[in-house]
Amino acid sequence: MGANDLENVMPTSLLSSRRNFLKTSFVGGAAALLSPWSVPRIIGADSSAPAKAFSSRVALTAGEDRAALAFNGLKAFEKQIAQAIGTKRVILKPNNVAIDNQLAASHAQNLEGILEFLKSIGKSDLVIAESAANGPTLDGFHNFGYHTLAAKYGAKMMDLDQEGFEVLHCFDETDFRPHPCRMSKVLLDPNNFIISAAKFKTHDRVLTTLSLKNIVVGAPIKDPGFRWGPGARPGAKNDKPLTHGSGFRGINYNLYALAPRLHPHLSVIDGYEGMEGEGPVGGTPVQHRVCVVSPDWLAADRVAVELMGIDFKNVGYLNFCGQTKMGEADLDKIEILGPAVKDHIKPYKLARNLEKQLIWKEPVKKG
């Protein structure tokens, strides 16, 4: 894919300012487009039933315009998000586990919906930032058309590998010791507001990768010249494998242990086209046509797990986070703004090694 071959990564509508989407978002059609979010509610709820006590809210949108799904979901929290950002710099963190595989990476149209929303609430200090897993970050940005978005919205494109680091420690299950890991200063900086622009994807180590994992595993940096395959600079290191803890127990524990410092302030999880099977890179597409948005990242991930037809009890790191009250993991305590979750569940095929992944649930055998 060439850097300027935009038609391969986004439809013509993006290049012509998305025609009806932007027009109806800000002119007379805004009421029709956004009216479902004017009064938070649970669609289909029995009005005569006692009101539930909810502790978190998640917006669920469904439809055929990827950018509009993100934009409309964010509108449900417009005032809350504006206040939370305040004067902070906004870091929009896509999930680019691969720089040359669009299905494995955050789509430009999803980012466009987020950026258009930020523009609508007057936020201008915007950065699209990533440390891609398999090669140069900015190469991926150009492959996926992010440079066009950056120009359109005045956003900076940032390679987190070049922006400094702080040393945190990751557990390794082979020696039960902490190991130093270089983590992005940008994602750790309390003066930044972190948006996780994640995707619905299955995973071959923790069942699914959603908004939390996008931040935690995106934070470790790599040396200049590191890449998978031909062209790699000899000796260039990549600290991302350290978060995986040398096993299924190790990665679940590290995701949980690092979450207090490395979590999103806002989750936008794109399920327009998800990935099932051998994710997070080698899976196949799922046409799902949904998006999940919430300021409570754990609630957002919990709802996404449900929409993917995954048994939440099997997702170790999210269960750990729920047990220690990092957010809301009880579906009955999450208010859904939008259509009913049950009407949009689409079971995803899980990785072939599912049984091995579930070893985290078993006690460690004594030697």
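Leaving aside neighbours within four places in sequence, Asp223 is in contact with Arg182, Arg233, Gly235, Ala236 and Lys237. Keep in mind that this is a predicted model.

**Around Asp223**
- You'll find Asp223 in the loop that runs between H10 and helix H11 (248-258).
- Asp223 counts as buried because its relative accessible area is 17%, and the cut-off for buried is under 20%.
- One of its contacts, Arg182, sits in S6, where Val167 stands opposite it.

**The S5–S6 hairpin**
- Strand S5 (residues 165-172) and strand S6 (residues 177-184) pair up in the antiparallel sense, with eight bridges.
- Together S5 and S6 make a hairpin, with four residues between them.
- Phe176 is in that turn and has a positive phi of about 55°.
- Is Phe176 buried or exposed? Phe176 is exposed, as its relative accessible area comes to 58%.

**Aromatic rings**
- How many aromatic pairs does the structure hold? There are nine aromatic pairs.
- Take Phe141 and Tyr146: this pair is tilted, at 5.1 Å centre to centre with 45° between the planes.
- Phe141 is buried, at a relative accessible area of 0%, and Tyr146 counts as buried with 0% relative accessibility.

- Strand S7 (192-203) and helix H10 (211-216) each put at least two residues into the lining.
- Sorted by class, the lining of the second largest pocket has eight nonpolar, 11 polar and eight charged residues.

- Where is Phe54 found? Look in the loop between helix H3 (30-34) and strand S1 (56-62).
- Phe54 counts as partly exposed, with 28% relative accessibility.
- Phe54 and Lys333 are 279 residues apart in sequence, yet their C-alpha atoms are 4.5 Å apart in space.

Methods
Residues numbered from 1 in each chain as written. Predicted model: local features only at pLDDT ≥ 70, side-chain atom pairs only at ≥ 80, totals over all residues. Heavy atoms only, no water. Buried < 20%, exposed > 50% of the residue type's maximum accessible area, 1.4 Å probe, protein only. Nonpolar A, V, L, I, M, F, W, Y, C, P; charged D, E, K, R; others polar. Contact = heavy atoms within 4.5 Å. Pairing = 2+ DSSP bridges. Phe/Tyr/Trp six-rings, centres within 6.5 Å; stacked < 30°, edge-to-face > 60°.
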